[in-house]
Amino acid sequence: MYWLFLLTIALHWTAMQMKIHYSANACLLPICSLYGAAVTTVEGVGSTKTRVHPVQERLAKCHGSQCGFCTPGMVMSIYTLLRNHPEPTSEQMIAALAGKYCHFLICSTHACTENSWVLLVFFLFKVSTRLFSTDEFQPLDPTQELIFPPELMRMAENQPKRTLFFHGERMTWISPVSLDELLDLKATYPKAPLLVGNTSVGPEMKFRGMFHPIVIAPARIPDLNMVKCTDDGLTLGAACSLSLVKDILTNAMAEFPEEKTKVFSAVLQQLRTLGGEQIRNIASLGGNIVSRKSTSDLNPILAASNCMLNLASRGRKRQIPLSDIFADGVGNNTITPEEILVSVHVPHSRKGEYVSAFRQAPRRENALPVTNAGMRVIFEEGTDTIKDLSIFYGGAVSTTVCAKQTCRTLIGRHWNKQMLDEACRLVFKEIALPGSDNGETVDYKKTLIVSFFYRFFLEVSQSLKTMDPCHYPGIPMEYRSVLQDFKTKMPQSIQIYQLSQSPQDPVGRPIMHQSGIKHATGEAVYIDDLPSVDGELFLAVVTSSRAHAKIVSIDTSEALKGPGVFDIITAHDVPATNEFYYSDDPEIIFARNKVICVGQIVCAVVADSDDHAKQAAAKVKIEYEVLEPVILTIEEAIQHNSFFAPKRKLEQGNVDRAFETVDNIIEGEIRIGGQEHFYMETQSVLVVPKGEDNEMDVYVSTQHPAIIQEMVAASLGVPANRIMCHVKRVGGAFGGKLLKAGLLASVAAVAANKTSRAVRLILSRGDDMLITGGRHPFIGKYKVGFMNDGRIRAVDAKYYINAGCTPDESVLVAEVSLLKMDNAYKIPNLRCWAYACKTNLPSNTAFRGFGFPQSALVTETWITGVADKIGLSPEKIREINMYKENEQTHFKQKLDPQNLIRCWNECMEKSAYYSRKTAVNEFNKQNYWKKKGIAIVPMKFPFGLGTRYLSQAAALVHIYTDGSVLLTHGGIEMGQGIHTKMIQVASRELNIPMSCIHFCETSTTTVPNACASVGSAGTDVNGMAVKDACQTLLKRLQPIINKNPKGTWNDWIKEAFEQSVSLSATGYFRGYNENMDWEKGEGQPFTYFLYGAACSEVEINCLTGDHKNLRTDIVMDIGCSINPAVDIGQIEGAFVQGIGLYTMEELKYSPEGVLYTRGPDQYKIPAVCDIPEQFSVSLLSSSQNPYAIYASKGIGEAGLFLGCSVFFALRDAVTRVRNERGLKKTFTLNSPLTAEQIWANCADDFAEMVIGNRASPSLFGPDPSYH
């Protein structure tokens, strides 16, 4: 769970008692560890029933929450910071939210990027903005905060400390109070882990099935919490949290001269990006060291810095260098099982000593490193002769390793180019990396190992020059920027929109999200927040471990013996439909005779607790017989001709003849990886049998209640009218909660039917990612013909999408990729095919953008390819080929591109594109190892669902005799603010305040047969239905209003009731008249078009491939916005999700089809550090849309594609690197454009040394002294 506790703990700090506040992830905090702590959850900070705290108020009213699932965590982080620092610095603000997922912030969960708004909250005690009024905000008054409970204070002061014993069902927790007692316990239980922060033991128990019958928790022992300043450094207790270590070192940096603090500085550098604030608050220094994990960012620098470990066992104390525990690799037994790490001594640095730390990770913050390093050199006094050298690496093998042979060889050498050449050769040879077993690329790690030393060489060389400029030349000016790592800065955001209506009209105003306050107080209810039902059971699924195999047998005997196990559910327990045939191939609830992917549900365990269910599920034994072929990739599907029907084709003009007349032809291929939905609320369902007539209430997190109702009813063999599906809100969806949610709901419903008990199914993050699939991986192959002036005359393309093992929505995705492939360009001669590949991966499904983000990226790729070929800039090629007049698309639908041109021109102007491009050129001339890039990309996004029945909608509006209005409709609230907008619509139509209108839930009992909330259509279609219902009611009321025009709303309603006028009405919208004839290749599948443009600027580090998003300017045509705050949030959120798709989110599979990247440790989505430092969103003014409610446009999906402006800015930077290095060969960048791919395409000599197996690099830059 993402919820955060705030803990206020009384600690004795030397002679003074202090109260400290810190936030922590609840999932990592054993309840036993909270003895003596005051725990405050988000509900305790403030609530609607008591008082909403100023932080909660600001977060909600400043539009910092939409889906709301993670908002309590944001509140707790900000609240804790303000408790500790009422006037926080910008660095403290950034640190408090570092690593927070950006998708979950302004729009929704993989989309929300509310972080740019959340960061504003810090300023909102002083600053105002147009999107909200600060006049109504409560002041932040520290005197009104919760006090530390006096009884806990007295207990801390007066009660003697005693050993705590907590006995659970399977394990015992022991918390000693003295070092001697701890040593006795460790001697008695040598295999018992010591647990302080639970950041290592906890995940191992939860995710790797490790079990410890005895756990020893030494956090209360004073010796392990000591902090001592000595003449030669600092001694820090092993139980000190990393946050405390960070604070201590920060204070020491201010107190001691720079010469003494180089070690402190290097350790601090690693601490700033190690985990997030909540992790550092509980993780301990000692735990980080003794776990000896290769991913530790601290161990290499602590080892290189000659830190010492103070160890103790019964009757013995000793001190060893920290480096000793890594001397012989993972088998090292320097610390015996009965020994305890008591403290760590971190030494002062001295004159002539230089210390540095390095790391490269998939994301700069809160991400495990690909590789890290710690390095230290000491010179003979007054010289550059190496006296001592230490080089340690992490992330390379299974623990921290030392390049000791390299270090020995280099002692006595001068710090010069010859030493550098030899050092690179020696390090490369000494640090041997094993082959990858988890999808990682070894070449990248090897290059980082060498380039980190090169970076260290540059740093030390420059420091030597600073010390003695007469004797040491330092490094060339153009190298110096690479010495500075990218830092996360406070984003500066601008939002521009237009207000034109009367002050009384709520439509068009930035209204706060209807549930915003409840999100911020934790009172918003999601599926797993629903109270437990009497006799409720918990369900855990058992999934296939094979990609394609026959099920030989299922042995459930051991599982059934588990405590609390009630039953095991298989395909034999499904009363009716187990396979749903929406096409030729079925969607399957339970595998019956064979499995067709890893992660397919084979059976399920129901038990009296979630833990018991999962423990039993792990004991189910399934025997398989492997079937052939096992198809995992698109290439393998093509080889085996494995496709879902039908294949689709669109063609216009005469493509073959056009290719004969063009001046140039390019051919190419681009691969686009898949993307995990990563909604914060995982797939969740609670099924409650009602006890008669086969009725069931199904509470589910879904975008499509009607399909849930249909599938559950079919699986149970009952009419749909017996299944009542309820959805209050959804904690993010992005297309991932449609058919998959229906299958999982059916699993739970079958279990509830068999047991006659309520059943709750909440997937873990790992299971959710394993089972559900995501965005389709994509290969685009293209041939493009064009003239020398840049006019594109012909395109022949083929698209292949990896559909997975069942059809789901894949053929539709393929169709949409064809229909939207032109993006913003007129292509006179076009032929394009799309194939949905049938493979043995979990079935991929709908995802925000639905094929457009992939096919349009292919188009923009060949646009840049054309530019490269003829020497024009990409923006010129885009302008030359852009739609300019009233024209027809390649499927013969008319469009007016006027607003496309306006968006492009405004984006050019607002971004100051050409002047910034000049500045980028100047920067690149002056910097060798860092380069900037800039790109501007247009967008045409067609709106529509392809056929009329998919966009029909209904609403139900009741008016009660007190004048209050109850509104419901078929749309689902999942972060996009649909309920807020519907209330705005009803408020305008009925001409009453929004406060009079309430929305309860979406339910199949009130609005039947509702279409899915997909395709950005929710507001469009449901808004029309709500408007229709309100107009029906107003028409009934009109005679009463005419008779009493000066009466009030309540007067009219009372009179209507007395006149027996119906105060309830349904509204209906038939849907848009959309159609597509695939035989003819023409139609009108869309109702209107959205337009936009985005300009992004980036900076890359050529040595590591890391990059920084500097600035993005977006101009979007969304018609007349119903709620600018929500819509801008959708644009920003979608854009950041697009950054994830195109630059960092990478799914990796084993050769057997097992997903490696399950969970946030392995799969990285954008965080605060990935938001552009300057982020501007402008809504195109004076835009009208006659086809939708109040001239608005559906905005949920379109902005995601604009994230590719970052992709092409990165491409621009890489191109500049290659041009400077004389690399003229055509190159292709695939998506996601990760740091590894950026590094590989920069093609420096470190990469050549690794990939080409050259003895040593011969080129370190343009300066001859470094050749």
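This is a predicted model: local features need pLDDT of at least 70, side-chain atom pairs count only at pLDDT 80 or more; totals for chains, interfaces and linings use all residues.

1. Residues are numbered from 1 along each chain as its sequence is written, and side-chain values use heavy atoms, with hydrogens and water left out.

2. The average pLDDT (the predictor's confidence in each residue, from 0 to 100) is 91 for the chain, and 93% of the residues score at least 70. Residues 6–17 stay under 50, and the model gives them 46 contacts (heavy atoms within 4.5 Å) beyond four places in sequence. Residues 102–129 also have a pLDDT below 50, with 146 contacts in the model beyond near neighbours in sequence.

3. The model holds nine cavities of 30 Å³ or more. A cavity here is a set of points, on a 1 Å grid over the protein atoms alone, where a 1.4 Å probe fits but cannot get out, and its lining residues have an atom within 4 Å of a point. Grid points are joined across faces, edges and corners, and a volume is the space filled by probe spheres set on the points.

4. Two or more lining residues come from each of β21 (587–588) and α23 (739–755), elements being DSSP runs numbered from the N terminus (helices H or I, at least four residues; strands E, at least two). Helix α23 gives the most, three residues.

5. What is the make-up by class of the lining of the largest cavity? It has 10 nonpolar residues, four polar and two charged, where Ala, Val, Leu, Ile, Met, Phe, Trp, Tyr, Cys and Pro count as nonpolar, Asp, Glu, Lys and Arg as charged, and the others, Gly among them, as polar.

6. The second largest cavity has a volume of about 110 Å³ and a lining of 17 residues, with Q952, C1011, A1012, V1021 and N1022 nearest its centre. Strand β37 (953–959) and helix α31 (1018–1043) each give two or more residues to this lining, the largest share being the three residues from α31. By class, the lining of the second largest cavity has 10 nonpolar, seven polar and no charged residues.

7. In helix α6 (residues 150–158), L152, M153 and M155 are buried, that is, under 20% relative accessible area with a 1.4 Å probe and protein chains only. The buried residues of α6 line one face of the helix, because they fall within an arc of 160 degrees seen down its axis, the arc being that of the directions from the helix axis to the C-beta atoms.

Note on methods
On a 1 Å grid over the protein atoms alone, a cavity is a set of points where a 1.4 Å probe fits but cannot get out, and a pocket is an open set with protein on both sides within 12 Å along at least five of seven lines; lining residues have an atom within 4 Å of a point. Buried means under 20% relative accessible area, exposed over 50%, partly exposed in between (1.4 Å probe, protein chains only).
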